Amino acid sequence: MEEFPMNFVLPEPLNGNLQQVAAKVISDKRIDRHDAEVLYNEAPLGWLASLADTIRRRINGVNTYYNHNFHIEPTNRCVYNCRFCSYNERNSRTVWDYSPEEIGRLAASAPERITEIHVVGGVAPGRGTDYYAGLLREIRRVRPGVHLKAYSAIEISYMAKIDRISLEETLSRLKEAGLDSIPGGGAEIFAEEIREKICPEKDDAETWLKVHETAHRLGIPTNATMLYGHIEHYSHRTDHLQRLRDLQDRTRGFNAFIPLKFKHANNPMREAGEVSVTEDLRNYAVSRIFLDNIPHLKAYWPMIGRDIAQLSQHFGVDDLDGTIHDSTKIYSEAGAEEKNPSMDETALRSLIAGAGYIPVERDSLYRPLNRSEH
Ligand code: SF4
């Protein structure tokens, strides 16, 4: 038998709880909330990475996806005042509210190569579907053929209230105006006792889920998010993941899950601080393992920084968002790593390949595009 050097310390054997969870994951069985909390609380980080990577390879092989996209934030005026928000007019250093014509000009200025425009912003008072559908038509007019991923569930539910129409009618009008899919924002943390503290005026979890369920029924795919690392506990995260997994079992309409790290600059919750990088990685891994029915796990690189985004691929992440190309303010105002996020394709591909995965340019529905010159 080989001798180890005197100072070499063998890793502790896994405890029984972890062995049981690992046995489920490896034999392709679902883990439950209790199992997920065991992983959050007890799993050694390197071991957790291997487990998440097993699932990631089962679903996505060694591909890591990216796209050419462009972000537009129409306004930071907002009827709500979420305590974690560094972006709305009350907490931001600047206030903006683009006219439809300005938004058209912004869309027209986006690089030729983009395949997707992502539109999300504050919930400006009094605006209903006519206004939001008009923005979509204006973008469609100047950029026909580009996929329009637009409006959080919170914006959509507000439009429905202003117009006094159903969510189904609201979404149908938006779809008719060119909406292709819906981003995942506004989910925050579903647990009511936390929502009451961090975003008391905002729609509740049931409304968020209902918007997405209705969209799925109308054939509009969506994404889902979770704001983590503030005052929530692991049990709140597993409750959130469970509600998403349950909805996905019924509809299969979610494309991707995007954990969003709470950033503490310039908002009333700054005292909460920020969680560590290892906590970010742990959260990616547990999400990947638990959400066995949502195909993609996205790390939004401007928020966590390029190095952690690269590393996150070993913790289940298979999508690094895209080139972005805009002065996105939602996270930069909150102290995100990237102040004016934009990355060219060569840099994005090398970030992916540097961790040993294969960069694949995708469209908004995760179909490989095979148009790279690399
Ligand atoms: S998080 Fe969104 S809904 Fe809440 S205050 Fe900020 S912009 Fe408004």
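Predicted model: local features only at pLDDT ≥ 70, side-chain atom pairs only at ≥ 80, totals over all residues.
Q: How many helices and strands are in the chain?
A: The chain has 14 helices and 9 strands. Those are DSSP runs numbered from the N terminus, with helices being H or I of at least four residues and strands E of at least two.

Q: And how compact is the chain?
A: Its radius of gyration is 21 Å, close to the 21 Å that the globule rule gives for 374 residues, so the chain is as compact as a globular protein of that length. The radius is taken over C-alpha atoms, and the rule is 2.2 Å times the number of residues to the power 0.38. Along the principal axes, the C-alpha atoms fill a box of roughly 75 × 50 × 40 Å.

Q: What percentage of the residues is buried?
A: Buried residues make up 57% of the 374. Buried means under 20% relative accessible area, exposed means over 50%, and partly exposed is in between (1.4 Å probe, protein chains only).

Q: OK, helix α11. How far does it reach?
A: α11 covers residues 277-290, and its 14 residues reach 20 Å from first C-alpha to last, close to the 20 Å expected at 1.5 Å a residue. The expected span is 1.5 Å times one less than the number of residues.

Q: Is α11 mostly covered or mostly open?
A: Mostly covered, with 12 of its 14 residues buried. Among them are Leu-281, Tyr-284, Val-286 and Phe-290, and also charged ones such as Glu-279, Asp-280, Arg-282 and Arg-288.

Q: Switching to cavities: how many turn up?
A: A search of the whole structure finds 4 cavities of 30 Å³ or more. A cavity here is a set of points, on a 1 Å grid over the protein atoms alone, where a 1.4 Å probe fits but cannot get out; lining residues have an atom within 4 Å of a point. Points are joined across faces, edges and corners, and a volume is the space filled by probe spheres set on them.

Q: What lines the second largest cavity?
A: That cavity has a volume of about 60 Å³. Its lining includes Glu-116, Lys-149, Ile-182, Arg-362 and Tyr-366. By class, the lining has 2 nonpolar, 5 polar and 4 charged residues. Ala, Val, Leu, Ile, Met, Phe, Trp, Tyr, Cys and Pro count as nonpolar, Asp, Glu, Lys and Arg as charged, and the others, Gly among them, as polar.

Q: Which residues are around the ligand?
A: They include Cys-78, Cys-82, Cys-85, Gly-122 and Lys-202; a residue counts if one of its heavy atoms lies within 4 Å. The shell has 6 nonpolar, 3 polar and 1 charged residues.

Q: What's phi at Asp-28 and at Asp-321?
A: Phi is near 65° at Asp-28, a positive value in a residue other than glycine, and near 60° at Asp-321, also positive. Asp-28 is in the loop between α1 (16-26) and α2 (33-42) and is exposed at 58% relative accessible area. Asp-321 lies in strand β8 (residues 319-322) and is buried at 3%.

Q: Last one: where is Tyr-66?
A: Tyr-66 is in strand β1 (residues 63-67), and counts as buried at 0% relative accessibility.

Conventions:
Residues numbered from 1 in each chain as written. Heavy atoms only, no water. 1 Å grid on protein atoms, 1.4 Å probe; cavity = no way out; pocket = protein on both sides within 12 Å on 5 of 7 lines; lining within 4 Å.
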